[in-house]
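Student: I have a structure open and would like to talk it through with you. Please start wherever you like.

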Amino acid sequence: MTSIPKPRVQHPSSTRNALGLSRRDYEGGMSTLCAGCGHDSVTAALIDAFWQLDIEPHRVAKLSGIGCSSKTTAYFINQAHGFNSVHGRMPAVATGANAANRELYFVGVSGDGDSLSIGLGQMCHAIRRNVRMLYVLENNGVYGLTKGQFSASADIGSKSKKGEPNVQPPIDPVLLALTLGASFVARSFSGDKAQLVPLLKAGLMHGGFALVDVISPCVTFNDHEASTKSYLYTRQHYHEVAPVDFVPLRREIAAAGPVEGGGAVRSVTMHDGSTVHFRMLADDYDPTDREAAYRYVRAAHQRGEVATGLLYVDQGNADMHGVNGTVDRALTSVPFEELCPGNAKLQELMEEYR
Amino acid sequence: MSGINDFCFKIGTVNGTGSASANALLMQAIFRMGIPVVGKNVFPSNIQGLPTWYEIRVSQDGYTARTAPFDLMVAMNPGTYARDVKEIAPGGWLMYDSSWPMPRALLRDDITVIGIPLGEMCNATFKGDRERTLMKNIAYAGALAALLDIDMDVVQAMLQEKFGKKKHLLDSNHKAIRLGYDYARAHHDCPLPCHLQRLDRTRDHILMDGNTAAALGAVYAGATVGAWYPITPATSLMENFRAFCEQFRRTADGKRNFCIVQAEDELAAAGIVIGAGWMGARAFTPTSGPGISLMSEFVGLAYYAEVPAVFFDVQRTGPSTGMPTRTQQADLLSTAYLSHGDTRHVLLFPANPEECFTMARDAFDLAERFQTPVFVMMDLDIGMNDWMCKRFEWDDAYRPDRGKVLDRAALEKVEKFFRYVATNGDGVAARTLPGVDPRGSYFTRGSGHNKLGGYTEDADEYREVVDRLVRKLAAAGEATPAPEIVLSEGATAGVVTVGGCRGAVLEGLDRLKEQGIVLDYLRVRGFPFNAAVRDFLARHERHIVVEQNRDGQLRSLLILETGTDPKRLGSLCDYGGLPLGTNRVIEGVKALLEGVPA
Ligand SMILES: Cc1ncc(C[n+]2csc(CCOP(=O)(O)OP(=O)(O)O)c2C)c(N)n1
Ligand code: SF4
Ligand SMILES: [Mg+2]
């Protein structure tokens, strides 16, 4: 695989967030992905999102599976712990990590092969458990790292680089997540940072599992004319349903008010009090109506359009810990004295086994 | 056998009819009479309608192994009369439900038949099919109480404890017990020559199965995250962990100081444990062979990325689904080197519930200290059967061994933290936990990495890390519990065994000694084998390895890891799925010593 390092964009060092950190402080190692790979743009968007949210870098846990997409956890927030696990199994590792320490921000990065084939079951069950995490699916319709085989998200008729058509129906992670009862479902495009960054921010502040499916073209194996996951195709068939502006709680006053660009504005309050403003481009689109969202996304797909934006959000569902009734603090911080019942209790218990 | 406080009997019933509570009642009553006792449940992989047996051995000397043939057979399942009758020792007794006479052809001249019309009596006394079926079990327990001279006061007290609050049930149980008891006394010579007499040899003991004990060990060791996928015979381990946590781990406001995740499969369960271990929690998963196979890829990750994780493998019989309700020790070899690539794992081998309790704690300590997966290799016999064991004690001074973990203060003193640099001979490199301090951040990966934690495809850098893992695992082996060794003066050879074979082997060696065959004994308790195992092998030219699998897996491990000449290690394998019997040990060892393959 080629590994041309992506040139770094320099930012004025004067721009600092509330923690006094510059965007640079949220960067990671040099990317070894192909120049122009969509995944690198997603990385850049993630860096912006964390930086803008003033999240302490070391309070982030980054997890991924295996694939070009999964490599990207090494390319942002050097000061966060990262875990590049095994192919398709990041959701389990993230579940366990979150079970142990609910206080961190969890971000999982995966690919369409990682999430929709080998790891489909894992992703579904993480959704079902509503593990609190931002789950970014970098979707390019192919297995990049193993050199261009079709993935389960490839559309029927989409052609490989060698010209063979894909004949099997795609699995759409958005429709799937909606069916499974996911509490936050979004789709975006690596080429639309303006849309992507607020979505990632909203996902990070969401109180449960936040899926962001990002069409992220593979320039090396799936960016040719007959592909439906190319930059060109995605731009041409891009259909923005409900662009959002994410407003963190403490900036509410400054940023409140209608969002630029017209359209009706709807607001959804996140569990911590932050707000997401939706700009309704599609008439009557209701991002809190699961059935309607499903119908809309499906109809758009049938018209050959890629519906994007924050497609569904529900703040009412308890996450894994809410359901379990776990203590509010990280389990890793509970002192041993509170975990071990001690010998006196043991001796009492022994009487029950006589 | 066949004497006072020294005999065994077997009860054959149909599963799903409620016989388990009657059998437990018998076991516990004998135990409360102060007489050492063990029970083995031989049950089908089925919910209702198939044959099931319960074997009870009464042994005033405290022997725990299974011993066929049986002095007394309680045949409650006409479907298995033929085979049950065959298993009675010459001169023994057959008790059965004589409401429907047993075909004469099945009977033997050398046994005494005791007919009790249990069905008839219960039909006359109780109403409704369900109650009649259930009470028939209690009635046979009553008949046995008369035949074996079980203290009725003890039985009454137990029923009172169990059903005290449910008057209707208490009455029915009392009635049923008396039906069997009175009938047996009126129509048969009671007690039989093999019967019970009060002793005082269970005072400091409990009756517990290994899954309960291991669960308790996990609670006491401070495990907070458990992940699992149900599988016989490991299921009750997590069920018990949950029950203990509900009892001991709820805060004043009802919140839980634990998180149990029922995963979608064993792959996920392993991943959850690894994720939690990476975060710094003590996490575990109980499973059995099929689950271990699925966990293989993740276990390699934990080994190579050096993440603590604890696995309980409650082994069952066979490759594939095999015989899920039978016992074996057949995952030794595959688990020792589980996953692709060069791997080696820490295994602990408990022999009984007491060791399940202590080794659960040891497993968490070793996993954190050596930052590696640790497997507690139990089996169905240990995990699911009730064993008499010494009351557990807990040292309140115990604190978890967290291994080398750099906290914020320690990181302040480090110029720059690198994940895989070991500073002393045990090969263990300090780790940091996520969320603690930006200076501790590093990237955990299963892909090639160098000692600094960076990605590598360089031959030397790769070798440097995996060579350190060899040193680390050797140190871990030395830190596993020392083997149990019994040396006898004049011994000419050694017997090496593992896990639940202990009871049968120790008893077998006692019997052999009476016949003039004196042997030393070693039971391995950890892998990689520690030096004491090598030393023992050097004591004698010849050893016999006794284990419960077809291929002599422990023997293979000994050959591989200690370089012992295979010719020096005889192999006695028992792998039909039932707990090892003493007679098999005696006969097998004798044959091998005489040069005949066992
Ligand atoms: C168990 C296992 N099987 C196969 C592979 C080989 N493999 C590595 S990445 C990959 C596909 C990755 O595709 P995707 O998740 O879409 O990521 P992309 O490279 O396209 O970003 C495969 C099949 C593996 N690493 N592990
Ligand atoms: S996904 Fe495609 S473009 Fe991106 S790094 Fe992999 S092969 Fe290159
Ligand atoms: Mg892909």
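**Loops and cis prolines**

Tutor: Let's begin with B:Pro69, which sits in the loop joining strand 3 (51-59) to strand 4 (70-75) of chain B. Helices (H or I, at least four residues) and strands (E, at least two) are DSSP runs, numbered from the N terminus.

Student: What is the peptide bond from B:Ala68 to B:Pro69, cis or trans?

Tutor: That bond is cis, with omega near -5°. The peptide bond from B:Thr232 to B:Pro233 is also cis, with omega near 5°. B:Pro233 belongs to the loop between strand 8 (225-228) and helix 8 (235-248) of chain B.

Student: Before we go on, a word on the ground rules, please.

Tutor: This is a predicted model, in which local features need pLDDT of at least 70 and side-chain atom pairs count only at pLDDT 80 or more, while totals for chains, interfaces and linings use all residues. Residues are numbered from 1 along each chain as its sequence is written, chains are lettered from A and ligands numbered from 1 in the order in which they are written, and side-chain values use heavy atoms, with hydrogens and water left out.

Student: Okay, ligand 1. Which residues come nearest?

Tutor: There are 18 residues around ligand 1, and A:Ser69, A:Asp112, A:Gly113, A:Asp114 and A:Gly144 come nearest. To count as near, a residue needs a heavy atom within 4 Å. The site is shared between chains, because residues from both A and B surround ligand 1.

Student: Which backbone atoms lie 2.8 Å from an oxygen atom of the ligand?

Tutor: A backbone N or O atom of A:Gly113 does. Taken alone, the ligand exposes 600 Å², of which the protein buries 77%. Those areas come from the Shrake-Rupley method with a 1.4 Å probe.

Student: Which element gives the most to the shell?

Tutor: Helix 4 of chain A does, with four residues. By class, the shell has six nonpolar, nine polar and three charged residues. Here Ala, Val, Leu, Ile, Met, Phe, Trp, Tyr, Cys and Pro count as nonpolar, Asp, Glu, Lys and Arg as charged, and the others, Gly among them, as polar.

Student: Over to the magnesium ion. Which are its protein donors?

Tutor: They are A:Asp112 (OD), A:Asn140 (OD1) and A:Val142 (O), lying 2.1 Å from the ion, which is ligand 3. Along the chain these donors follow the spacing D-x27-N-x1-V. Donors are N, O and S atoms within 2.8 Å of the metal (3.2 Å for Na, K and Ca), and water is not among the atoms, so sites may look incomplete.

Student: A:Asn140 and A:Val142, buried or exposed?

Tutor: Both A:Asn140 and A:Val142 are buried. Buried means under 20% relative accessible area, exposed over 50% and partly exposed in between (1.4 Å probe, protein chains only).

Student: New topic: how many disulfides are there over all chains?

Tutor: Zero, over the whole structure. A disulfide would be a pair of cysteine sulfur atoms within 2.5 Å.

Student: How many residues of helix 7 of chain B are buried?

Tutor: Eleven of its eleven residues (210-220) are. B:Asp209 caps its N-terminal end, with a side-chain oxygen 3.1 Å from the backbone nitrogen of B:Asn211. After the helix comes B:Gly222, whose phi is positive, near 90°.

Student: And which residue other than glycine has a phi near 50°?

Tutor: B:Ser320 has that positive value. B:Ser320 lies in the loop between strand 11 (309-315) and helix 11 (332-336) of chain B, and is exposed at 67% relative accessibility. B:Asn5, not a glycine either, has a positive phi of about 55°. B:Asn5 is in the segment before strand 1 (6-14) of chain B, and is buried at 2% relative accessibility.

How values were computed: A polar contact is a pair of N or O atoms within 3.5 Å; within protein, one must be able to donate a hydrogen and the other to accept it, and residues adjacent in sequence count only if both atoms are side-chain atoms.
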